[in-house]
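Please study the structure first, then work through each solution.

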Amino acid sequence: MFFELTEEQQAVQQAARDFAQNVLKPGVIERDRDMKYPKAEVRQMGEMGFLGMMVSPEYGGGGMDTLSYVLAMEELSKVDASCSVIMSVNNSLVCWGIQVYGTEEQKQKYLPKLATGEWIGSFCLSEPEAGSDATSQRTTAVDMGDYYLLNGTKNWITNGGTSKVHLVMAQTNPEKAHKGINCLIVETDWEGVIIGAKEDKLGIRASDTHTIMYNDVKVPKSNRIGDDGFGFKFAMRTLEGGRIGIAAQALGIAGGAYELSLAYSKERAAFGKPISQHQAIAFKDWPTWPPTSKRPSCWCTVQLGSKTKEWTSAQPAPWPSFLHRKRP
Ligand SMILES: Cc1cc2nc3c(=O)[nH]c(=O)nc-3n(C[C@H](O)[C@H](O)[C@H](O)COP(=O)(O)OP(=O)(O)OC[C@H]3O[C@@H](n4cnc5c(N)ncnc54)[C@H](O)[C@@H]3O)c2cc1C
């Protein structure tokens, strides 16, 4: 099965491409080199609607489908993967989670600001001792009656230095193992939230990745997402979509590198002709970069739609033949 992009999806793709070229490209190298958070650019991303693409218009979002989000992620990532990781976390790990699993009160309070970029969100799962094994949460949320007392440390938190809202996974009932974990919405100006060191990364350096400490933070019970013990399920379901955003980011980065390399191979001459006409370069796989409708991120979006109808309403589809294609 192949599918065509709708007119709306093509328009989103074009708008994201233009935005990346006109707004993100100038200064991208300097921001990355200097680890400078792209504050003005993120504000403009909010104005353009890139920070709450799948949030319902009722809560200030764009009300778009997941594929539109994937297309925009790819286009921004081609030029500036720091901006796209900020976008990815805000859209799929924070806004989506609140929209699908939050209470009406939580949606009303947080989504309009998060979807427009007035506030930025973080998703706080990883800990020094809980990375791939996210069940090993040591952050605790002790039930104090009408609030939780939150204590612990999270690390590698994207948007950690700038976000206003954290979705924090924490253990309330250790005897229940992962079924004792809760997800709490925490505002960063609450007493006891401490923003720790910023990571000096190899890539996506303009996105701010921080350690965060919670020291006796009082979180109202009304800020828990879902029933008691739903936190681990919440994190895994939210990450399912988050991975699609990150896959789109990886494809965007690869696509950007491909476009730059192709253009350079036509400009750069050696031995009297463009290097694109020399065998070692000409034999590279230039023409086989998959068109949008065959790319894995798009197909995964469709596939995921068949498993979890919350993510997209698209129909189930077989894996694309492109994934099994042999080199010509
Ligand atoms: C740039 C960046 C941004 C991030 N942003 C966030 C964020 O916003 N929020 C958040 O919560 N976290 C974030 N993270 C953390 C990220 O989710 C973790 O790094 C990830 O879960 C892996 O955990 P770890 O680094 O502790 O690696 P480890 O769990 O220590 O794994 C190390 C290696 O062992 C392998 N491994 C582990 N278990 C197995 C197994 N059972 N079988 C085979 N191999 C295995 C892993 O694949 C990996 O190669 C971010 C990380 C980075 C680098």
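**Exercise 1.** Determine how the axes of helix α4 and helix α5 are arranged, and which residues make the contact.

*Solution.* Step 1: the axis of α4 (residues 66-79) comes within 8 Å of that of α5 (residues 81-101), and the two cross at roughly 155 degrees. Axes are lines fitted to C-alpha atoms, for helices over the stretch in contact, with angles from 0 to 180 degrees between N-to-C directions. Helices are DSSP runs of H or I with at least four residues, strands are runs of E with at least two, and both are numbered from the N terminus.

Step 1: α4 and α5 are therefore roughly antiparallel to each other (angles over 145 degrees).

Step 2: α4 contributes Y69, M73, L76 and S77, while α5 contributes A81, C83, S84, M87, S88 and N91. Contact requires C-beta atoms, placed from the backbone, within 7 Å.

The model is predicted; local features need pLDDT of at least 70, side-chain atom pairs count only at pLDDT 80 or more, and totals for chains, interfaces and linings use all residues. Numbering starts from 1 along each chain as its sequence is written.

**Exercise 2.** Identify the closest residues around the ligand and the elements that give two or more residues to its shell.

*Solution.* Step 1: the ligand is surrounded by 13 residues (C-beta atom, placed from the backbone, within 6 Å), the closest being S126, G131, S132, W156 and T158.

Step 1: β1 (121-124) and β3 (147-158) are the elements giving two or more residues to this shell.

**Exercise 3.** State how many helices and strands the chain has.

*Solution.* The chain holds nine helices and 10 strands.

Technical notes:
Angles under 35 degrees count as roughly parallel, over 145 as roughly antiparallel, 65 to 115 as roughly perpendicular and the rest as oblique. Two residues are in contact if their C-beta atoms, placed from the backbone, lie within 7 Å.
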